[in-house]
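Please open the structure in a viewer and keep the selection panel at hand.

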Amino acid sequence: MWQIFHKLGSPKWFFGIASKLMPWLLWVGAAMLVAGIVWGLGFAPKDYLQGNSYRIIFIHVPAAFLAQSVYIMMAVAGLVTLVWRMKLADVFVRAVAPVGAILTFLALFTGAVWGKPTWGTWWIWDARLTSMLILLFLYFGVMALGAAISDEKSSARAVAVLVLVGVVNIPIIKYSVEWWNTLHQPATFKLTEKPSMPAEMWVPLLLSVLGLYLIFGWLACLRMQTEILVREGRTRWVKELVQARGN
Amino acid sequence: MATEPVIGLRSPDLSVGTVTAMKAVFVRDLKTAFRQPQDLLNPLLFFVMVVTLFPLGVSPEVSFLQQAGSGILWVAALLSVLLSLDHLYRHDFDDGTLEQLVLQPQPLFLLVLAKSLAHWVLTGLPLVLLTPVLGIMVHMEGNSVVVLCLTLLIGTPVLSLIGSIGAALTLGLRSAGVLLSLLIIPLYIPVLIFGTGTVTAAAEGAPVEAQLALMGAFLVLALTLAPFASAAALRISLSNS
């Protein structure tokens, strides 16, 4: 157990493992995502109330799902950075923060596009929308603080503190805005309950959620590898690796 | 800049109690602040000026101001606390006092708590005292003004405490001011929502005890958790410089 943990701390070991994992993540993820979206957009039955406009959930729900879990993953990594000073955890936080921000934006954007025909407005100061917007701000804060501190070690720890403070605040923000104002329907999809929609709708949704998770895994590996190459540029194994690849 | 030595700062005597040390930090912060009265006045002036902008910029009508008054005052108070946060650690950081503070045998988070409370006494409390005047200027009713003062009384210490984390994280950075706001504003939102929500409920004649109790819960949470995060952030920032 501890050995694996120590290995995880080694960027070189991770780099190798990631290279092996990435094709799987990419191709399986892409296959599931494409299947889910094509099925959802093209073949799933129409909603009796919303018609075709509901189909945006096949993009909206996966993005929103992931936007939130990326922040939680970042918080776990932040804790690891603070407690064990593991370099890779910080590499992870740096690599995925922009991805999380983009996913949050995508969730907000698709929500707005769906809101126009359904609620009759692009934006409304509703609890769910507002707390997603604040999540976006938190991502921006993490990125801004990370960019502002030049020293790698203290930058890593400062970002970790910020991410953790943010994660304490997320439930508070969520409930405060929910208490304040709400229009958004409750979660469409819960892992613990039987979905309230027919299988032709939720199976493609599940496919696209899982597919996006895998694609995210691939993207995280790719971005982490890049970050590792930048940070470890002076080590011998990176030099050998770069030379082995030709140029 | 005159610096009042903290008790126990230079002596290796570890027997100074934690409470004594906290008191010393608190009193020292007040003393050094009162030697620069202009710095104390600035956030208050800012508060008054921001409130003035709304009747001029949006509408001076009584009906609008009555409705928006609590929100305007809350946002203005929030911004002026934000503005004053830079002072919380900056002077002590520049003259090295902060490093001495970190080296104290007493737990750093308690000293940080003392500093945050001093910051509140210097900025939050004057804002609360000034609120009735501005409340009347934006045509709020007497009852609403009282509730507004109460919410600010409970809410501004939360702002100081959360803000201390941001101030500690951005210590010694180049564009600290803007960055501080970026980091802290999202964390201020719940306090703002409950603060203004309570006043709105009071204006509609609804009971406000529950909301005030919730704000009290925020305060307790911030009192217990924020100093830890702030102390951790201070250590990181100091190891950076």
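Helices and strands, as named on this tour, are DSSP runs of at least four and at least two residues respectively, numbered from the N terminus. The model is predicted.

**First selection: residues 56–84 of chain A.** This stretch is 97% helix and 0% strand, and its end C-alpha atoms are 42 Å apart. An unreviewed UniProt entry lists 56–84 of chain A among the positions of the feature "transmembrane region". The same record also places that feature at other ranges of chain A, including 127–149. Select residues 127–149 of chain A next: here the chain is 96% helix and 0% strand, with end C-alpha atoms 33 Å apart.

**Colour chain A by confidence.** The mean pLDDT of chain A is 83, and 87% of its residues reach 70 or more. Within chain A, confidence is highest in helix α3 (residues 57–84), at a mean of 90, and lowest in helix α1 (residues 2–8), at 67. Where pLDDT is low, the predicted coordinates should not be read in detail.

**Select R85(A).** This residue lies in the loop between α3 and α4 (87–119) of chain A. Most residues other than glycine have a negative phi. R85(A) has 14 other C-beta atoms within 10 Å and is therefore partly exposed, as the count falls between the limits of 12 or fewer for exposed and 20 or more for buried.

**Move to chain B and select H139(B).** The loop between α6 (108–137) and α7 of chain B holds H139(B). Its phi, near 65°, is again positive in a residue other than glycine. With 17 other C-beta atoms within 10 Å, H139(B) is partly exposed.

**Display the contact between the chains.** Here 21 residues of chain B are in contact with 23 residues of chain A. On the side of chain B that touches chain A, α7 (142–169), α8 (176–203) and α9 (209–240) each supply at least two residues. The largest share, ten residues, comes from α8(B). By type, this side of chain B divides into 17 nonpolar residues, four polar and no charged.

**Finish on α9(B).** Where does α9(B) bend? The bend, about 35°, is at L225(B), and a proline, P227(B), follows within four residues. At 1.5 Å a residue, the 32 residues of α9(B) should span 46 Å, and the end C-alpha atoms are 45 Å apart, which agrees.

Key:
Residues are numbered from 1 along each chain as its sequence is written. Chains are lettered from A and ligands numbered from 1 in the order in which they are written. This is a predicted model: local features need pLDDT of at least 70, side-chain atom pairs count only at pLDDT 80 or more; totals for chains, interfaces and linings use all residues. pLDDT is the predictor's confidence in each residue, from 0 to 100. Two residues are in contact if their C-beta atoms, placed from the backbone, lie within 7 Å. Ala, Val, Leu, Ile, Met, Phe, Trp, Tyr, Cys and Pro count as nonpolar, Asp, Glu, Lys and Arg as charged, and the others, Gly among them, as polar. UniProt positions are given in the numbering used here, feature names are shortened, and annotations may be inferred rather than shown by experiment. The expected span of a helix is 1.5 Å times one less than its number of residues. The bend at a residue is the angle between axes fitted to the seven residues ending there and the seven starting there.
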